Amino acid sequence: MLFLNSFGTLFKVSIIGSSHGPMVGVLIDGVKPGLKMTKDLFSDQLARRKPGAYGTPRKEDDEPVFLSGVFNDYTTGTPLLISFENNNQKPKDYETLKSIYRPSHSDYVANLKYHGFNDYRGGGTFSGRLTLGLVAAGVVADSIYKFDISSEIESLNGVMDKTLFKDILEKAKIEGDSVGGVVKITVKNMKKALGEPYFDSVESVLSHLLFSVGAVKGVSFGAGFSGTKMLGSAYNDLFINKDGKTLTNHDGGIQGGITNGNDLVINVAVKPTPSIKKSQETFDFKNEKMTNLQIEGRHDQAIILRSLVVLESAVKIGLVDLYLRSKVYEN
């Protein structure tokens, strides 16, 4: 069997479901037996993902249901299947998308790839709703190894002054538009020596996962692109003690694809939500002419606001897989 939509070597994650199908969820293999696994463990992280003032009006309970891999509130060691019911659906809002594809969304390419058999309702399997599975997997990853991770919005619509964020959001809301920005993720007290030199470097693995989040269009580590403006003498992270602590952290805690124990720093570019209320001129593929598109349905005005927990979860999944693999070297 081909696993074309799975990630991981020892901590293997598969996302399942669709936006307006009966459920979304995640299948996780590689979870050892005896881990406490109750619904309460998921509450805080799932609450962080719920829409706020600038989010979709769609409200779902998002209560995890353990379909396999849990017995008497503990993991059994067999594949863990967690689902979330879709109860608040409005599939008729998406009838237009059969032939008028939303600009910068997955509608057009999904139709091409799946020969017209794709579930177009709310983006189907491409919907941001499927990030519930990533968040759930992040909670499970936390049960294996708890990383000290945090995130914040560094800029919104190119503006770094956080006092202006609300004004930017309000203006976009009034105009029926959307905004994107940059999220900075920091992992402190990093375990050393995670990662491999080449194809499974920390950068490779985490970028792979972060780009699995539909709104992500760029990932960098440490100084990122700004580091290209520096001379080597200014960029180099000089060691200042026997523990490998460095004076600066332009490499973002990674050297040679492997963590060095300094803070892991990741910068993620999140694009504006493509589904906007503002009228747009685009092509009608059925009638073969330009037309006015007024998108129906319920959408986030700034998906970046809800992305923080999703992006953190993606990083946790990657780091836990690398952590489990690193234990090979300890034997």
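Mentor: Let's zoom in on Ser307, which sits in helix H7, residues 304–326. Helices here are DSSP runs of H or I with at least four residues, strands are runs of E with at least two, and both are numbered from the N terminus. Keep in mind that this is a predicted model, where local features need pLDDT of at least 70, side-chain atom pairs count only at pLDDT 80 or more, and totals for chains, interfaces and linings use all residues. Residues are numbered from 1 along each chain as its sequence is written, and side-chain values use heavy atoms, with hydrogens and water left out.

Ser307 has a relative accessible area of 6%, so it counts as buried (under 20%; exposed is over 50%, partly exposed in between, with a 1.4 Å probe and protein chains only). Its side chain reaches the backbone oxygen of Ile304 at 2.8 Å. Setting aside neighbours within four places in sequence, Ser307 is in contact with Val183 and Val270 (heavy atoms within 4.5 Å).

Now for the strands around those valines. Strand E9 covers residues 181–188, and strand E13 covers residues 264–270. Seven bridges join E9 to E13, running antiparallel; two strands pair if DSSP finds at least two bridges between them. Val270 turns up again here, as the bridge partner of Gly181. E9 also pairs with strand E8, residues 148–156, in the antiparallel sense over eight bridges. In that pairing, Asp148 stands opposite Lys188 of E9.

Key
Polar contact = N/O pair within 3.5 Å; in protein donor to acceptor, adjacent residues only side chain to side chain.
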